[in-house]
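The sequence and the structure are shown next.

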Amino acid sequence: METKDSDTVNIIVREELPNNDNYGACNDNQPIDVNKYLSPFENRFPQDREYAEIVYDAELAIIAGDQPILSDKGTSGCYFVHGREGKIIGVFKPKDEEPYGQLNPKWTKWMHKICCPCCFGRNCLVPNQGYLSEAGASLVDSKLQLSIVPKTKVVRLSSETFNYTDIDRLKSRTKQSILQKVPALGKRFHRLGLPPKTGSFQLFVTDFKDADFWLRKFDHEDLPISTATRLQHLFERLVVLDYIIRNTDRGNDNWLIKYDPVSSRGSSGTDIEDGEWSLVDNPDISVAAIDNGLAFPYKHPDEWRAYPYHWAWLPQAKIPFSDEIKDLVLPQLSDMTFVEDLVDDLYELFKTDKGFDRRTFEKQMSVMRGQILNLTQALKDGKSPVQLVQMPVVTIERSKGMGGRGRTDSETFTQSFAHRAPFFSWC
C-alpha cells in the first residue's frame with residue numbers, strides 16, 4: 001500500500017479490488033490517496049475531498065462488518081452510519097425506503113394508506129423524491145452560505161440491515177454459494193452481495209438537541225444579549241432556507257440547536273472573580289436544519305392541508321429580518337442570474353433520478369422562484385418572518401419557448417398567484 005502525500009486525504013484503500021467480495025475488512029487507519037480509492041458502490045466526489053473521505057470511511061466500515069442501524073424515530077428507513085472508529089458519521093435515507101416508498105420498513109405509513117387513503121401522501125410533492133430534496137436543501141444552503149444544513153449528497157450504499165425484498169436476499173445468497181463452490185464461475189458475476197441503494201447521506205452532527213428542548217428552556221432563562229442575537233440570526237437563516245425550498249415538514253422537533261452555556265468556574269476550578277468576567281466567552285449556540293426531505297413541491301398546497309411553517313408561531317418570527325440576513329442573501333436573491341444558476345444546479349441534481357420528469361421539475365422551480373420573489377420583497381420592506389408567510393403565494397414560470405437548459409437575454413417569465421386555499425390552514 002502507498003503512503004500519502006501532503007495533500008492527500010486520509011482514507012484506506014486497496015490497490016487491487018477486482019470485485020466487491022475482495023475488499024476485505026479494511027479496519028486499519030493507514031492514509032492513502034483518495035484518488036486511487038475504488039468505491040465498491042460507485043460513489044465519486046472529486047470536487048469535495050473532505051466529504052468523499054467521510055463516505056469512503058463509511059463504506060469501509062460496512063465492508064468490515066459495522067452495519068448501519070435503523071433509527072427508531074420517524075416513519076421511514078433512516079439509518080445511522082458508522083465510520084471505522086465506531087462513531088456515527090452520517091445519516092443515510094434510501095430512496096425506496098422513504099415514507100411512501102415500496103420498501104419502507106415502518107408500518108405507520110402503510111396503516112395511513114389503508115385507513116385513510118384520501119389523505120395519503122402530500123399531493124403537492126413528487127413521490128419518493130425525498131432524497132433529492134435532502135440534497136437539494138444542502139445545495140441551496142451552500143449557494144446562499146447559510147451554513148445551517150449538514151452537508152448532504154446523493155450516495156449509493158449496501159448493507160444487510162437495509163430493507164430488501166426476499167428475492168434480492170435470495171439472489172445474494174445464491175451468488176455467494178456459487179462463488180464458494182465454483183469460484184471460476186462466481187468470479188464472473190458483475191456484483192456480489194446485495195444491490196446498492198441510492199439515497200441521501202447527511203453528515204452527522206453531535207451535541208445537538210431538538211430545538212423544542214432548548215426553546216422551552218430559553219423561555220425560563222434569559223440569554224446574554226449577544227447569544228440571543230446570534231440565535232435570532234440563525235433562526236432567520238432557517239426561515240430563508242425553509243421558505244425558498246417550501247419545506248412542508250418543519251416542526252420544532254426536526255431542526256436542532258447546540259447550546260454550550262458559559263462556565264462559571266475558571267480553568268483551574270476556582271470561582272471567577274467579578275473583574276474577570278470580561279475574559280469569559282459568551283455561550284456558543286448553533287443551529288442545524290435536518291429532515292429536509294419533504295420540500296420542493298411542484299405546486300403550492302391547495303387541497304386538504306396547508307403544511308405551515310411551525311416556526312411562524314415562535315416569538316422570534318415576530319421580529320423583523322435583521323440587516324445581517326439582508327446583507328447575506330439579498331444581493332444574491334435580487335440577481336436573476338444567480339437564481340437561474342441555482343435552478344441549473346438543482347436541475348443537474350434532480351435529473352439523476354430515474355423517474356425525472358422535466359415538466360414537473362419546471363413546476364417545482366416555478367414555485368421556488370415565486371418563493372424567492374416574496375422573500376426578496378419581504379427583506380426589502382423590513383417585514384418579519386410571520387409577515388412573510390402571510391404574503392400571497394406566487395409562482396413564476398419560465399418561458400416555455402426556451403429550448404434546452406440554455407438561457408438568453410430574451411427569455412421571459414410569467415407570474416401567477418394561487419387562488420385556491422387548503423381546507424385546513426393550521427396543519
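## Helix pair and sheets

In α7, His233, Glu236, Arg237, Val240 and Ile244 are in contact (heavy atoms within 4.5 Å) with Glu324, Ile325, Leu328, Val329 and Leu333 of α8. By residue type this contact of α7 with α8 holds six nonpolar, one polar and three charged residues; Ala, Val, Leu, Ile, Met, Phe, Trp, Tyr, Cys and Pro count as nonpolar, Asp, Glu, Lys and Arg as charged, and the others, Gly among them, as polar. The model is predicted, and local features need pLDDT of at least 70, side-chain atom pairs count only at pLDDT 80 or more, while totals for chains, interfaces and linings use all residues. Residues are numbered from 1 along each chain as its sequence is written, and side-chain values use heavy atoms, with hydrogens and water left out.

Two packed helices are described by the angle between their axes and the distance between the axes. The axes of α7 and α8 (residues 323-333) come within 9 Å and cross at roughly 25 degrees. That makes α7 roughly parallel to α8 (angles under 35 degrees count as roughly parallel, over 145 as roughly antiparallel, 65 to 115 as roughly perpendicular and the rest as oblique). Axes are lines fitted to C-alpha atoms, for helices over the stretch in contact, and angles run from 0 to 180 degrees between N-to-C directions. Helices (H or I, at least four residues) and strands (E, at least two) are DSSP runs, numbered from the N terminus.

An open antiparallel sheet has three strands in the order β6-β7-β8. Strands β6 (209-210) and β8 (284-289) are at its edges, each with a single partner strand, so one side of each has no neighbour in the sheet. Two strands pair if DSSP finds at least two bridges between them; β6 and β7 (residues 255-260) pair over two bridges. Lys209 has Ile257 of β7 as its bridge partner.

| Helix | Strands touched | Angle of directions |
|---|---|---|
| α6 (residues 211-218) | β6, β7 and β8 | about 50 degrees with β7 |
| α7 (residues 225-245) | β7 and β8 | about 10 degrees with β8 |

A further open sheet, also antiparallel, has five strands in the order β1-β2-β3-β5-β4. Its β4 and β5 (residues 197-203) are joined by six bridges, and Lys153 stands opposite Phe201 in β5. Helix α3 lies across β3 (88-94), β4 and β5, at about 140 degrees to β4.

Ser133 belongs to α3 (residues 130-143). Ser133 counts as buried because its relative accessibility is 2% (buried means under 20% relative accessible area, exposed over 50%, partly exposed in between, with a 1.4 Å probe and protein chains only). Leaving aside residues up to four places away in sequence, Ser133 touches Asn292, Gly293, Leu294, Ala295 and Phe296.
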